[in-house]
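Please consider the structure shown below.

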Amino acid sequence: MLDAVTIGPSTDSEADKVTLTFGGDGSIGWSARFVDIAFREGTDVPAPVSGKCLLQIDLSGVDTGDIWTGGSPVHLFPSGASAIVEVFSYPSDNHLAQTFIGTRTSTPVITVGAADLTDTLTVTVDAALR
């Protein structure tokens, strides 16, 4: 189960991170890719997430449980200066949960750390132009 989605600073002063935290038993699959428009799986309605670059994260084999009551998405905005404009997460549908991250720069450096013994998937967004 996907328990939480949070935004926070990374240990690098030029980077920020989105952390997805999981609980329960079982395994999950994930993929991450850049998209031009953020569409929820199976729809043609764009997600309301802004940014110069959009990263789509798909989590398969995941339920969102009670954190999205009534099927409402989670919409997060970082506090202060951040490499991330906003994060938009849909509740799971048929064991697929989707999260979209909008960044301030069109050329961010993205690092995805696979889920490990801490039951987290961390996406680090570095705003520095490369």
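Phe100 is buried, with a relative accessible area of 0%; buried means under 20% relative accessible area, exposed over 50%, and partly exposed in between, computed with a 1.4 Å probe on protein chains only. The model is predicted: local features need pLDDT of at least 70 and side-chain atom pairs count only at pLDDT 80 or more, whereas totals for chains, interfaces and linings use all residues. Residues are numbered from 1 along each chain as its sequence is written, and side-chain values use heavy atoms, with hydrogens and water left out.

Phe100 belongs to one aromatic cluster together with Phe88 and Tyr90. Across the whole structure, 2 aromatic pairs are found. Rings of Phe, Tyr and Trp (its six-membered ring) pair if their centres lie within 6.5 Å; planes under 30 degrees apart count as stacked, over 60 as edge-to-face and the rest as tilted. Phe88 and Tyr90 form an edge-to-face pair, 5.0 Å centre to centre with 85° between the planes. Tyr90 and Phe100 have ring centres 6.2 Å apart and planes at 90°, so this pair is edge-to-face. The latter pair links distant parts of the chain, 10 residues apart: Tyr90 lies in the loop between strand S6 (84-89) and strand S7 (96-103), and Phe100 in strand S7. Strands are DSSP runs of E with at least two residues, numbered from the N terminus. Tyr90 counts as buried at 11% relative accessibility, and Phe88 is buried too.

In general, strands of a sheet pair through backbone hydrogen bonds, either parallel or antiparallel. Here, 5 strands form an open sheet in the order S3-S4-S7-S6-S5, with antiparallel pairing; two strands pair if DSSP finds at least two bridges between them. S3 and strand S5 (74-76) stand at the edges with a single partner strand each, so one side of each has no neighbour in the sheet. From one strand to the next, the twist averages 15°; axes are lines fitted to C-alpha atoms, and angles run from 0 to 180 degrees between N-to-C directions. The antiparallel pairing of S4 and S7 extends over 8 bridges, and Cys53 stands opposite Thr103 in S7.

How many salt bridges does the structure hold? It holds 1, a salt bridge being a side-chain nitrogen of Lys or Arg within 4 Å of a carboxyl oxygen of Asp or Glu. Asp58 forms a salt bridge with Arg33, and the closest N and O atoms are 3.1 Å apart. The two residues are 25 residues apart, Asp58 in strand S4 (residues 53-60) and Arg33 in strand S3 (residues 29-35). Asp58 is buried at 9% relative accessible area, whereas Arg33 is partly exposed at 38%.

Asp16, in strand S2 (residues 15-22), is buried yet has no salt bridge, and the nearest side chain of opposite charge, Arg104, is 7.3 Å away. The side chains of Asp16 and Ser82 are joined by a polar contact of 3.0 Å. A polar atom of the Asp16 side chain also lies 2.7 Å from the backbone nitrogen of Ala83.

Finally, the loop between S6 and S7 contains Asn94 and His95. Most residues other than glycine have a negative phi. Asn94, however, has a positive phi near 55°, and His95 has a positive phi near 65°. Asn94 is exposed at 70% relative accessibility, while His95 is partly exposed at 47%.

Key:
Helix = DSSP H or I, 4+ residues; strand = E, 2+ residues; numbered from the N terminus. Lys, Arg positive; Asp, Glu negative; His and termini not counted. Polar contact = N/O pair within 3.5 Å; in protein donor to acceptor, adjacent residues only side chain to side chain.
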